[in-house]
Amino acid sequence: MSLAAVAPVSVFEQFDADCWSGNIPAPQHYTVEIPSSLISRFSNFFNDNPPPEDADLAAYVHDMGTHEQFTQQVRSVLFRFCGFVVTSAVPEEWLQDRRARAYYAWLCTHVGRLNYKLGPFYEVYDRGPETYTLTTRYSDTHFSHGFHTDGTGRAGMPDVVGLMCIRQAVNGGENHLSNVMDVHQRLFNTEHRALVELYKPIMRDCVVPENADPQEVLHAHTYPVFQWGEQGRGFTFRYMRRWIEVAYRRLNETVPEELAAALDTLDKELIDPANTLTLKLKKGEALLFNNLRLAHDRSAFSTDPVGNRLMLRAWLDVNFK
Ligand SMILES: [Fe+2]
C-alpha cells in the first residue's frame with residue numbers, strides 16, 4: 001500500500017478549517033458564553049414547564065424554542081475554528097434537578113442528532129473498584145483512558161461527543177484533546193511505516209454473541225485507525241489501544257510487532273504537547289468536540305467522599321459534507 005493511496009493531499013486542505021492547526025486555541029477562542037437573556041428565558045420556561053424524564057426530552061426541547069445567534073456561534077467554533085467548544089456554566093440551581101439536562105439536550109439538538117435510544121445521556125462516573133473487569137469501560141472508572149475516540153463498534157462512530165460537567169473532581173479529571181490532523185501530518189512527514197500500518201484493518205474487541213466463534217467474530221471485527229471515505233465521511237480516525245490489545249489477549253494471540261511499534265509511534269505523537277490541549281471543566285460547563293478530528297483523554301481523578309465526579313456524555317450524529 002502506498003501513501004499516495006491512503007492520504008490524499010486534499011485531506012489537509014479540506015480540514016484545515018475544521019479544527020485548530022499549529023497554534024493551540026486559548027479559552028477566549030473556544031468558550032462561548034450563554035447569553036443572559038437566554039438564561040432568563042429558559043428559567044421562566046422551566047418554572048412554567050418542569051423538565052420531563054430524559055426519554056421525553058425530544059418534544060420538550062422543541063418547545064424551548066431557538067436562539068440562533070448563540071447556537072450558530074457554538075457551531076462555528078466547533079466545526080470551523082477549533083474542532084471543539086466549551087459553553088459557559090449554567091446557573092448552579094439548574095444542576096440540582098433536571099433543568100441542566102434539559103438545557104444540555106437543547107444545546108445538543110442544535111449541533112447534531114441526539115440519539116434518544118442511548119439515554120440520550122450516559123452518566124460518566126466511577127462505579128467503584130468492585131465492578132472492574134477486563135472489559136470495564138474506562139468511563140466507568142476513575143482512571144485515565146489514554147488518547148482514544150468514542151464508539152468502538154465497527155458500524156458506529158459518533159461525529160461529535162459532548163460532556164456536560166455536573167460535578168467535578170477535587171483532584172484530576174482534566175480533559176485532554178489531541179489534534180489528529182496534525183498528528184497525521186507529522187506521521188506522514190517522518191513515520192511512513194507506522195502510518196501505512198495504521199491504514200490497515202486492525203482487530204478490535206467487541207461483544208461476541210452467544211454460540212459464536214470468538215476467533216471468527218474478532219478476526220472479522222477489523223477496521224483501520226486512519227481511513228478515508230468510510231460511511232460517506234471524509235477522513236476518519238478511530239482508536240482505542242486497549243480494545244486492540246484486549247482483542248488479541250482474548251484469542252491468546254500477541255499484537256504483531258509492526259502493529260505494536262506503529263501504536264507506540266502514534267501514542268507518542270498523540271501525547272506530544274505540541275498537539276494537545278488540556279482543560280478542566282467547571283460544573284455547569286459543556287464541552288463538545290469533533291470525534292473524527294480530535295482524540296481525547298482525561299486525567300485520573302480523585303474519588304471524593306461527597307459527590308463524585310459526574311459528566312453527562314452525549315453522542316451526536318452530524319452530516320459532514
Ligand atoms: Fe471517551
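With which strand does E5 pair in the antiparallel sense over five bridges? In this predicted model, the partner is strand E12 (residues 286-290). Residues are numbered from 1 along each chain as its sequence is written. Because the model is predicted, local features need pLDDT of at least 70 and side-chain atom pairs count only at pLDDT 80 or more, whereas totals for chains, interfaces and linings use all residues.

The chain has twelve helices and 14 strands, these elements being DSSP runs numbered from the N terminus (helices: H or I, at least four residues; strands: E, at least two). The radius of gyration is 20 Å, close to the 20 Å that the globule rule gives for 321 residues, so the chain is as compact as a globular protein of that length. This radius is taken over C-alpha atoms, and the globule rule is 2.2 Å times the number of residues to the power 0.38. Along the principal axes, the C-alpha atoms fill a box of roughly 60 × 45 × 35 Å. Buried residues make up 37% of the 321 residues; a residue is buried if 20 or more other C-beta atoms, placed from the backbone, lie within 10 Å of its own, exposed if 12 or fewer, and partly exposed in between. Of the contacts with a separation of 6 or more, 84% are accounted for by residues 24 or more positions apart, a contact being a pair of residues whose C-beta atoms, placed from the backbone, lie within 7 Å.

The average pLDDT of the chain is 89, and 92% of the residues score at least 70. Over residues 1-17 the pLDDT is below 50, and this stretch has 19 contacts in the model beyond near neighbours in sequence. The pLDDT is the predictor's confidence in each residue, from 0 to 100. Where pLDDT is low, the predicted coordinates should not be read in detail.

Seven of the eight residues of strand E5 (residues 160-167) are buried, so E5 is largely enclosed by the rest of the structure. Two strands are taken to pair if DSSP finds at least two bridges between them.

Strand E6 (residues 175-179) and E13 are joined by five bridges in the antiparallel sense, with His176 opposite Asp297 and Asn179 partnered by Leu294. Four of the five residues of E13 are buried.

The largest nonpolar core has 70 residues, of which Leu78, Phe84, Val85, Tyr103, Tyr104, Met164 and Leu288 touch the most other members. Helix H7 gives the most to this core, with eight residues. Such a core is a set of buried Ala, Val, Leu, Ile, Met, Phe, Trp, Tyr and Cys residues joined through C-beta atoms within 7 Å. In H7 (residues 99-109), eleven of eleven residues are buried, including Arg99, Arg101 and Trp106. Beyond its neighbours within four places in sequence, Leu288 is in contact with Leu78, Phe84, Val85, Val111, Val160 and Gly162.

Tyr223, in strand E8 (residues 222-223), is partly exposed, with 18 other C-beta atoms within 10 Å. Tyr223 and Leu288 are 65 residues apart in sequence and 25 Å apart in space, C-alpha to C-alpha.

Positive phi values occur at two asparagine residues in loops. Asn211, with phi near 70°, is placed between strand E7 (202-203) and helix H10 (214-220) and counts as exposed, with 5 C-beta neighbours inside 10 Å. Asn252 has a phi of about 55° and is found between helix H11 (241-250) and helix H12 (257-270); this residue is exposed, with 7 other C-beta atoms within 10 Å.

Note on methods: Two residues are in contact if their C-beta atoms, placed from the backbone, lie within 7 Å.
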